[in-house]
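Visitor: I would like to go through this structure by question and answer. Where shall we start?

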Amino acid sequence: METPISPLFIPKPHLQLLLDELRRRKYSVVGPTIDQDAIVYGDIHSVEQLPQGWTDEQAPGHYRLKRREDESWFGYVVGPHSWKKYLFPPKTTLLSAEKTESGWQFIPRSADTTKFALLGVRACELAAMRIQDQVFLDGPYQDPLYRERREQLFIIAVNCTQAASTCFCTSMKTGPRCEKGFDLALTEIDSGFLCEVGSERGREVLDAFISSARRASEGSSNDANSTNENVTSLPILDATPEQLRSAETARQQAVDQITKHMETSDLPGLLLSNLDHPRWKEVGERCLSCTNCTMVCPTCFCSSVTEVRDLNMDRVERERTWDSCFNPDFSYLGGSLVRNDTASRYRQWLTHKLDSWHAQFGTSGCVGCGRCITWCPVGIDITEEVAAIREGTLP
Ligand code: SF4
Ligand code: SF4
């Protein structure tokens, strides 16, 4: 990249012009929106779809939407969705086969040309994407769908200005500040966003967006009867020292609100050297083996492949779907289940996530987003389980 440009201040109404610019460049913009009483990720055409004035209240086994006292656009933490659903979709057709007169004909999957622009990516989610990159791209076998979508991805990160009681990104050193891995990064302050550039692609889109904002502003000032709400005469300028201070205060607020902690100094090692710890049996009695924790986790990547044929028996599709180490069938090996109780499945999940993941990928498999704590129906808290094993470490 060329010399970094100093953060710009973007007045709030201009964000629509940034979405328009991305759509002009054929990106499908996806971002936070409200559905089924939760903030989830979906298609975004208008800033009106953002959860303006809403926040999320989270605790172990607890999630509620709440009205905010202000009209903040990104004043929430993270919800049940993660961005992995766009890069590693819950269901994918890998291959099809059709019966023809000359026999079965295999039809390979066509290259995926979808260009996603992700709006509102948090620091822990950027870290989760780096982890999934290692899983799907850095090993001897690459996942072609993941690669196609990842290469075309445009990321607009948004710095957290608040944290939930379930967040522990500071322990995992993944947040809450977005430091790398984005094209543009925003910090919301009262009337707008501070915008930082993180890539050449980000700079190019920002330049085009500034030009279109300028044209819109000129059009607006020439047209006294303009009723287009997206057109604003407010200029995009370098952030003032006061705006920089406000952004820093807003980001620090998220740091100050993080109360949950996971000690990582003895990870990896702690869990694998305590495989017979009585805590596994105890947590196995509370755990429902429902798979929620693995479905909401932004780094979990287990999948299963099945072949599905149509009723005419002349077409078969090989489908990959998300799976979970909490499903009994997932450990079916050599004619039997190798993890045939919930305690052994919970132990598999936690030891992989926090311990053997280091040997496999060189990092922890946890980014401290807290989703598995919030969405566990019985409120099992990964940080408490690790602490309990440490406290009662077997000799
Ligand atoms: S294990 Fe839990 S806290 Fe860690 S990344 Fe997965 S969902 Fe987030
Ligand atoms: S730990 Fe909680 S979310 Fe995960 S499988 Fe068990 S009951 Fe379900």
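Visitor: Which residue of β3 is the bridge partner of P32?

Guide: The model is a predicted one. Six bridges join β2, residues 28-35, to β3, and the two strands run antiparallel. In β3, the bridge partner of P32 is Y41.

Visitor: Which strands are the edge strands of the open sheet?

Guide: The sheet is open, with eight strands in the order β3-β2-β8-β9-β10-β11-β1-β12 and mixed pairing. An edge strand here pairs on one side only, and this applies to β3 (38-43) and β12 (237-238).

Visitor: What angle does the direction of α1 make with that of β2?

Guide: Helix α1 packs on the sheet, where it touches β1, β2, β8, β9 and β11. Its direction and that of β2 make an angle of about 130°.

Visitor: How many of the residues of α1 are buried?

Guide: Helix α1 spans residues 15-24 and is mostly covered. The buried residues are L15, Q16, L17, L18, L19, E21 and L22.

Visitor: Which residue with a positive phi follows α1?

Guide: The phi in question is near 70°. The residue that follows α1 with this value is K26.

Visitor: Which residue in the hairpin of β4 and β5 takes a positive phi?

Guide: Strands β4 (residues 54-59) and β5 (residues 62-67) pair in the antiparallel sense over six bridges. A59 stands opposite H62 of β5, and the hairpin has two residues between its strands. The residue with a positive phi, near 70°, is G61.

Visitor: Is α8 roughly parallel or roughly perpendicular to α10?

Guide: The axes of α8 (residues 278-286) and α10 (residues 342-361) come within 8 Å and cross at roughly 110°. Angles of 65 to 115 degrees count as roughly perpendicular. Therefore α8 is, relative to α10, roughly perpendicular.

Visitor: How many charged residues does the contact of α8 with α10 have?

Guide: The contact is made by W280, K281, V283 and G284 of α8 together with T342, A343, Y346 and R347 of α10. By class, four are nonpolar and two polar, and the number of charged residues is two.

Visitor: How many charged residues does the shell around ligand 1 have?

Guide: Ligand 1 is surrounded by 13 residues, the closest being C297, C366, C369, R371 and C372. The shell has eight nonpolar and three polar residues, and its charged residues number two.

Visitor: And how many nonpolar residues are in the shell around ligand 2?

Guide: The residues around ligand 2 include C287, C290, C293 and C376, and also F326, P377 and I380. This shell has three polar and no charged residues, and the nonpolar count is nine.

Note on methods. Residues numbered from 1 in each chain as written. Chains lettered and ligands numbered in written order. Predicted model: local features only at pLDDT ≥ 70, side-chain atom pairs only at ≥ 80, totals over all residues. Pairing = 2+ DSSP bridges. Helix = DSSP H or I, 4+ residues; strand = E, 2+ residues; numbered from the N terminus. Near = placed C-beta within 6 Å. Nonpolar A, V, L, I, M, F, W, Y, C, P; charged D, E, K, R; others polar. Buried ≥ 20, exposed ≤ 12 C-beta atoms within 10 Å, placed from the backbone. Axes fitted to C-alpha atoms, helices over the stretch in contact; angles between N-to-C directions. Parallel < 35°, antiparallel > 145°, perpendicular 65-115°, else oblique. Contact = placed C-beta atoms within 7 Å.
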